[in-house]
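Student: Please take one part of this model and go through it closely. Then connect it to other places in the chain, with the cut-offs stated as you go.

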Amino acid sequence: MSGPVRIGVLGCADIAVRRMLPAFAASPDLALAAVASRDRARAGQVADRFGCRPVEGYAELLGADDIEAVYVPLPAALHAPWVESALNAGKHVLAEKPLTLDPESTERLLDLAAKRGVALMENVMFVHHPRHEAVRRLVADGRIGELRVLRAEFAIPPFPGDDIRYSAELGGGALADVGLYPLRAALHFLGHDLDVVGARLTRGAGREVETSGAALLATPGGVTAHVTFGMEHAYASRYELWGSEGRITVDRAFTPPADLVPAIGLHRGGGTEEIRLEPADQVAATVAAFVTAVRAGSAPRADTLRQATLLDDVRHRAT
């Protein structure tokens, strides 16, 4: 494949307009070709803003010969059918998280992408920020001794009452929307051999989905992960790695702005060292990773599938 990858967008969701379309437009390796909506006027407004063409209807966009890849920011319950349609149309796909609502559907779509020879990538952006690789190196270099515990938290203030994330029918709920972040952090640092030991999901008053939760996971070697999440809370976005000789702390861990000077706290022997890194744009890094996957004709799948399984295990373990 030569030249920029021509990408279309299925829907005008807030995350698409606010974060992903600007990143697509800024990438030298992507050409934002079209935006589709069930509402042609809405598609026109967004398309005019980003200099691409509006398309009425998602199927119409998938049928366009000049579209090589699509981004799917639809409500979670609609991911599986539209991702499947896109893959069957021969398109590479970047889909918002969670990719699907169950591990069986996730595996089926990953298998379909492999069969079609196209890339399917879930849009979990924080893992592409270089700060977390720097944390991995500190742990691997023994800077906190033997790792004992991971603690990770992500919580956000409430949305308006009619927000889709409060809709069971549309696949809402705190676990897949915000719980995915600390759970993925545990997977990122502790590996795939994690088991869910216990979990609790709590539904806020008048809500039809869970609005907060916590889970305890463990590796076969006894390293534990304590994850906490919610969407009716004061904001928190952090994790801590606690070892036999020290701790590593990371704040504003999951959704840092591009101009943030990222810091890592290294706590040893009663003292604290702040390790400051260069600012990095994790949205742009995610877009670059997707372009790489498109050019390769495949995307890494193991973390996506294991994450889906862990989310499902937390839900089934929850009391």
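Tutor: Start with Arg 252, which sits in the loop between β12 (246–251) and β13 (263–268). Helices and strands here are DSSP runs, numbered from the N terminus (helices: H or I, at least four residues; strands: E, at least two). Residues are numbered from 1 along each chain as its sequence is written, and side-chain values use heavy atoms, without hydrogens or water. The model is predicted: local features need pLDDT of at least 70, side-chain atom pairs count only at pLDDT 80 or more, and totals for chains, interfaces and linings use all residues.

Most residues other than glycine have a negative phi. Arg 252 is partly exposed, because its relative accessibility is 40%. The scale is this: buried is under 20% relative accessible area, exposed is over 50%, and partly exposed is in between (1.4 Å probe, protein chains only).

Ala 258 belongs to the loop between β12 and β13 too. At 38% relative accessibility, Ala 258 is likewise partly exposed. Beyond its neighbours within four places in sequence, Ala 258 contacts Pro 279, Ala 280 and Asp 281. Contact means heavy atoms within 4.5 Å. Take Val 70 for scale: 188 residues separate Ala 258 from Val 70 along the chain, and their C-alpha atoms are 24 Å apart.

Now set another loop beside this one. His 233 is placed between β10 (224–230) and β11 (236–243). With a relative accessible area of 33%, His 233 counts as partly exposed.

Pro 98 is in the loop between β5 and α5. The peptide bond from Lys 97 to Pro 98 is cis, with omega near -10°. Most peptide bonds are trans.

Lys 97 also takes part in a salt bridge with Asp 177, at 3.8 Å from N to O. The two ends are distant in the chain: Asp 177 is in helix α7, Lys 97 is in the loop between β5 (92–96) and α5 (103–116), and 80 residues separate them. A salt bridge is a side-chain nitrogen of Lys or Arg within 4 Å of a carboxyl oxygen of Asp or Glu. Both partners are buried, Asp 177 at 17% relative accessibility and Lys 97 at 12%. By this rule there are 16 salt bridges.

Glu 146 pairs with Arg 148 at 3.0 Å between the closest N and O atoms. Glu 146 is exposed at 52%, whereas Arg 148 is partly exposed at 40%. Arg 276 and Glu 274 form another salt bridge, at 3.4 Å. Here Arg 276 is exposed at 54%, and Glu 274 is exposed at 51%. Elsewhere, salt bridges with shared partners join Arg 6, Arg 53 and Asp 66 into one network.

Return to α7 for a contrast. Arg 184 lies in this helix, residues 174–190. Arg 184 is buried but has no salt bridge; Asp 303 is the nearest side chain of opposite charge, 4.0 Å away. For charge, Lys and Arg count as positive and Asp and Glu as negative, while His and the chain ends are not counted. The contacts of Arg 184 beyond four places in sequence are Glu 122, Val 124, Phe 126, Val 127, Asp 303 and Gln 307.

Last, the records. UniProt lists "domain: Gfo/Idh/MocA-like oxidoreductase N-terminal" for residues 5–123, in an unreviewed entry. That span is 45% helix and 26% strand. The annotation "domain: GFO/IDH/MocA-like oxidoreductase", also from an unreviewed UniProt entry, covers residues 133–248. This stretch is 22% helix and 36% strand, with its end C-alpha atoms 13 Å apart. UniProt positions follow the numbering used here, feature names are shortened, and annotations may be inferred rather than shown by experiment.
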